Amino acid sequence: MFQKKQWFLNAVLAIALLVPAFTSAQKKQKPNVIFIYADDVGYGDLSAYGAAKISTPNIDRIGKEGIRFTNAHTSSATCTPSRFALMTGKYPWRQKGTGVLPGDASLIIPTDHITLPALFQKAGYKTASVGKWHLGLGESSKHINWNKPITKGPNEVGFDYAYFFPATSDRVPTVFVENHEVQGLDQNDPIEVDYSKKIGDEPTGKENPELLKLPASPNHGHNNTIVNGIGRIGWMTGGKQTRWTDEEIAHVFLSKAQQFMEDNSKAPFFLYFSLNDIHVPRMPSSQFKGKSEMGLRGDVILQMDWTVGEILKKLDELKIADNTLIIFSSDNGPVLDDGYADRAVELAKGHSPAGPLRGGKYSAFEGGSRVPWLARWPQTIKPATVSDALICQIDLLASFANFFQQKLDGDDAVDSFNVMDAMIGKSKVGRGFLIKQGGALSITQGTWKYIEPRDGKAIAELTNTETGNNAKPQLYDLSKDIGEKINLADKYPAKVKTMAAELEKIRSEGRSR
Ligand code: NG6
Ligand code: CA
């Protein structure tokens with residue numbers, strides 16, 4: 001009897017001792033997560049996706065050592081809404097004011113709901129946002145005072161650390177911000193920004209085109225304040241010492257990302273690394289200038305690939321590659337002429353930025369929002385996997401919530417689905433349907449895609465690209481026609497009706513999860 005009791009007590013003691021050890025071992029095992037978000041990189045811009053005129057060995061390597069997706073998407077065909085969806089798990093068209101933001105816009109991410117970085121924080125991660133922000137700063141509809149700490153931004157939505165520029169590199173203010181402060185502020189030369197009228201007396205691209213080192217394309221409007229020989233959208237004055245040099249942006253962001261990885265190599269970390277490449281103005285560093293066959297756009301693709309390679313190297317150096325999930329994707333499809341006369345159109349001959357897809361940035365066709373997505377996690381993902389599971393960046397939130405066993409509130413991440421098994425190659429099945437936003441909304445269900453009717457030009461004049469606008473409904477069978485060439489709407493009216501109704505239901509219900 002005594003022996004039995006003793007045995008039992010010993011067993012209880014052993015379990016009590018083991019439990020904390022087990023949980024702390026588990027804690028240690030949480031993978032680091034790096035999400036590299038490239039800007040405007042198309043489905044056909046990487047050699048892993050068939051590009052032959054350019055080689056992207058470092059990005060390709062992620063797929064070779066991990067998984068490459070052929071049916072992965074952003075929620076939208078431009079930057080701000082795609083990023084909004086990624087951060088909130090909510091379709092951006094449900095909230096007003098989520099289109100491409102000017103550089104002086106207020107923060108558009110609600111601070112009273114879970115966000116992707118906040119979810120990582122709750123799971124015990126250190127989180128950082130390095131690179132392009134473009135989700136607004138400061139209090140709703142309040143003027144931003146750039147010379148004082150900025151009240152709301154990445155830190156307020158879940159990032160412990162942030163080093164970023166406010167909007168796009170073709171928009172003012174052309175400065176870097178660390179957490180709440182513009183870097184290198186000089187109180188004797190205060191920064192002012194305006195998007196409605198010229199301020200200060202600095203030359204603009206419109207008045208002094210002879211000062212430009214990169215001419216603007218006619219009519220796009222990249223002809224306001226000249227910074228570093230490049231006309232920008234919007235006017236700024238002051239902050240002369242703080243302004244960036246475009247050719248250095250990639251290096252500056254990379255070094256901040258590397259520093260964060262070094263500082264946190266012992267803790268699990270989440271790094272949102274949001275590249276400036278390959279957005280306009282395409283200004284490669286001297287290391288890459290003239291190195292591709294495709295001019296500046298090709299050069300910055302090489303620069304982007306190098307950047308990714310440096311991150312992979314850093315993971316090896318820190319000996320944390322095995323338990324790091326690194327994802328590479330893009331915020332929207334490709335565009336050639338997006339505001340500067342950089343000869344991208346003429347030099348892209350023989351290269352198809354969207355691969356086999358129709359349309360590109362701004363478009364409701366697949367080229368606008370089907371994007372490269374490669375992921376590597378040596379401990380978990382089988383090398384050289386290729387997956388055609390339907391996944392979207394909007395799903396990261398629910399997928400990681402599930403992974404960390406965090407319950408989402410009913411009104412959080414209302415359009416995000418848990419597709420973690422698909423993301424790590426354990427399942428070939430992703431989400432059942434997806435609504436995407438070009439100009440028009442579309443819904444994809446299985447291999448069928450319906451684009452709702454929308455008035456407006458079929459070709460966007462400035463960029464000379466297809467918008468996907470059509471006054472009539474469009475229906476495509478993507479399994480046979482990934483290039484969306486044959487509109488089957490007239491042939492299958494019943495299908496059109498059910499898909500249109502489904503889209504309407506999801507829109508009116510305010511949620512899809
Ligand atoms: C557009 C700009 C374009 C680019 C884009 C944002 C014009 C005519 N064009 O409005 O140059 O800045 O906004 O790109 O102003 S995104 O990738 O951040 O969505
Ligand atoms: Ca973009």
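1. Contact here means heavy atoms within 4.5 Å. On that basis, and setting aside neighbours within four places in sequence, His 143 touches Glu 192 and Val 193. This is a predicted model.

2. Where does His 143 lie? The loop between strand E4 (126-132) and strand E5 (161-165) holds it. His 143 has a relative accessible area of 62%. The cut-off for exposed is over 50%, so His 143 is exposed.

3. Now the overall fold. The chain carries eleven helices and 22 strands. Its radius of gyration is 24 Å, close to the 24 Å given by the globule rule for 513 residues, so the chain is as compact as a globular protein of that length. The C-alpha trace spans about 100 × 65 × 45 Å along its principal axes.

4. Of the 513 residues, 58% are buried. Among contacts with a separation of 6 or more, 72% are between residues 24 or more positions apart. The chain exposes about 21,100 Å². Carbon and sulfur atoms supply 53% of that area.

5. On charge, the chain has 61 positive and 58 negative side chains. The centres of the two sets lie 6 Å apart. The salt-bridge count comes to 32. Three of these pairs are taken up below.

6. Asp 45 and Arg 297 form a salt bridge, 2.7 Å from N to O. The pair links distant parts of the chain, 252 residues apart. Asp 45 sits in the loop between strand E1 (32-38) and helix H2 (57-64), while Arg 297 belongs to helix H6 (residues 295-317). Buried or exposed? Asp 45 is buried, at 0% relative accessible area. Arg 297 has 4% relative accessibility and also counts as buried, because the cut-off is under 20%.

7. Asp 338 pairs with Lys 361 in a salt bridge, with the closest N and O atoms 2.8 Å apart. Here the partners are 23 residues apart, and they too link distant parts of the chain. Asp 338 is in the loop between strand E13 (324-330) and helix H7 (344-347). Lys 361 is in the loop between H7 and helix H8 (366-369). Asp 338 is buried, with a relative accessible area of 6%. Lys 361 is buried at 5%.

8. Glu 484 and Lys 449 meet in a salt bridge at 2.9 Å, N to O. Glu 484 lies in the loop between strand E22 (474-477) and helix H11 (493-509), and Lys 449 in strand E19 (residues 448-451). The two are 35 residues apart and link distant parts of the chain. Both Glu 484 and Lys 449 are buried. Which residues join them in one network? Salt bridges with shared partners connect Glu 366, Arg 370, Lys 436, Lys 449 and Glu 484.

9. Some backbone geometry deserves a look. Most residues other than glycine have a negative phi, and most peptide bonds are trans. Against that background, the peptide bond from Val 172 to Pro 173 is cis, with omega near -5°. Pro 173 is in the loop between E5 and strand E6 (177-178). Val 280 and Pro 281 are likewise joined by a cis peptide bond, with omega about -5°. Pro 281 falls in the loop between strand E12 (269-274) and H6.

10. Positive phi at non-glycine positions is the last topic. Tyr 362 has a phi of about 80° and is not a glycine. Its place is the loop between H7 and H8. Tyr 362 is partly exposed, with a relative accessible area of 31%. Gln 405, also not a glycine, has a positive phi of about 55°. Gln 405 is in the loop between helix H9 (396-403) and helix H10 (420-423). At 73% relative accessibility, Gln 405 counts as exposed.

How values were computed. Residues are numbered from 1 along each chain as its sequence is written. Chains are lettered from A and ligands numbered from 1 in the order in which they are written. This is a predicted model: local features need pLDDT of at least 70, side-chain atom pairs count only at pLDDT 80 or more; totals for chains, interfaces and linings use all residues. Side-chain values use heavy atoms; hydrogens and water are left out. Helices (H or I, at least four residues) and strands (E, at least two) are DSSP runs, numbered from the N terminus. The radius of gyration is taken over C-alpha atoms; the globule rule is 2.2 Å times the number of residues to the power 0.38. Buried means under 20% relative accessible area, exposed over 50%, partly exposed in between (1.4 Å probe, protein chains only). Accessible areas come from the Shrake-Rupley method with a 1.4 Å probe; for residues, only the protein chains shown count as cover. Lys and Arg count as positive and Asp and Glu as negative; His and the chain ends are not counted. The place of a charge is taken as NZ of Lys, CZ of Arg, CG of Asp or CD of Glu. A salt bridge is a side-chain nitrogen of Lys or Arg within 4 Å of a carboxyl oxygen of Asp or Glu.
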